[in-house]
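User: I am new to this structure and want to know what its descriptions rest on. Please take me through them briskly.

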Amino acid sequence: MRNIIITIDGPAASGKEKISKYISKKWKLKHLDSGIIYRRLALVLLKDKVNIKNVNQIKKKLKEISNVSFQKSRRIRTQEISNLASKIAVYNFVRIFVNKLQYKFVENNKNNQGFVIDGRDIGSVVFKKANLKLYIEVKPEIRAKRRYKQLIDSGEKSIYRKILKEITLRDQKDKVRKHSPLIIPKGAYIIDNNGTFNKTVKQINKLIEII
Ligand code: C5P
């Protein structure tokens, strides 16, 4: 198995990150979380007070950006950045910008065994020819419950109803947008992540074993 690509798509808080990290470790694949790139861009636009309704202002800003960090940080996990990220993700020129960074990442890490890449359009648009495509499915109530617990456990204040509303709204935005909406990619396996993590990765490992 060399240079294989596994894509993981699914709605907000469906466990893509945890699953990707698990796959990355077990199968020695490099992990790329495409959501981080949208979040990083959202943070730059917020910090530089760019009006995200003004397409020309965003385009101008993107031209000034030469590099985007793929580092995770608490600053990009806030509700505000989540919402901003999904607002700028509707623009096709933003998506093209992000996709180029993903292609560059894969190109620069070619000597690796392969990649596990997660997002909303990875199997459907960005890496259509991936070796294995997964689509994660979990009921919104379960996703909200898990996110709520995560926040409370990390010492943050949180309201379950608010989380449920926020992820439902974000899903809606991701599913109805014109460019690269969240869909089940052609040829993708649907992974049920409503149950335990063990159950989920069992389904996935079986699929990876036969690539
Ligand atoms: O996955 P994450 O929640 O970090 O992504 C933040 C937002 O970025 C999503 O709600 C979505 O609008 C956008 N996104 C996207 N396509 C991707 C990854 C993220 O549109 N491949």
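User: What makes a residue count as buried here, and what share of the protein is buried?

Analyst: The model is predicted. A residue is buried when its relative accessible area is under 20%. Of the 211 residues, 47% are buried.

User: How do you know that the radius of gyration agrees with a compact globule?

Analyst: The rule is 2.2 Å times the number of residues to the power 0.38. For 211 residues, a compact globule would therefore come near 17 Å, and the protein has 17 Å, which agrees. Along the principal axes, its C-alpha atoms fill a box of roughly 50 × 40 × 30 Å.

User: What share of the contacts joins residues 24 or more positions apart?

Analyst: Contact means heavy atoms within 4.5 Å. Among contacts with a separation of 6 or more, 79% join residues 24 or more positions apart.

User: What makes a residue part of the lining of the largest pocket, and which are closest to its centre?

Analyst: A lining residue has an atom within 4 Å of a pocket point. The largest pocket has a volume of about 1400 Å³. Of its 49 lining residues, A13, E17, R77, R147 and Q150 are the closest to its centre.

User: How many residues of that lining are called charged, and why?

Analyst: Asp, Glu, Lys and Arg count as charged. By that class, the lining has 23 charged residues, alongside 15 polar and eleven nonpolar.

User: Which element gives the most to the lining of the second largest pocket?

Analyst: That is β2, with three residues. This pocket has a volume of about 180 Å³.

Key. Residues are numbered from 1 along each chain as its sequence is written. This is a predicted model: local features need pLDDT of at least 70, side-chain atom pairs count only at pLDDT 80 or more; totals for chains, interfaces and linings use all residues. Side-chain values use heavy atoms; hydrogens and water are left out. On a 1 Å grid over the protein atoms alone, a cavity is a set of points where a 1.4 Å probe fits but cannot get out, and a pocket is an open set with protein on both sides within 12 Å along at least five of seven lines; lining residues have an atom within 4 Å of a point. Grid points are joined across faces, edges and corners, and a volume is the space filled by probe spheres set on the points. Helices (H or I, at least four residues) and strands (E, at least two) are DSSP runs, numbered from the N terminus. Buried means under 20% relative accessible area, exposed over 50%, partly exposed in between (1.4 Å probe, protein chains only).
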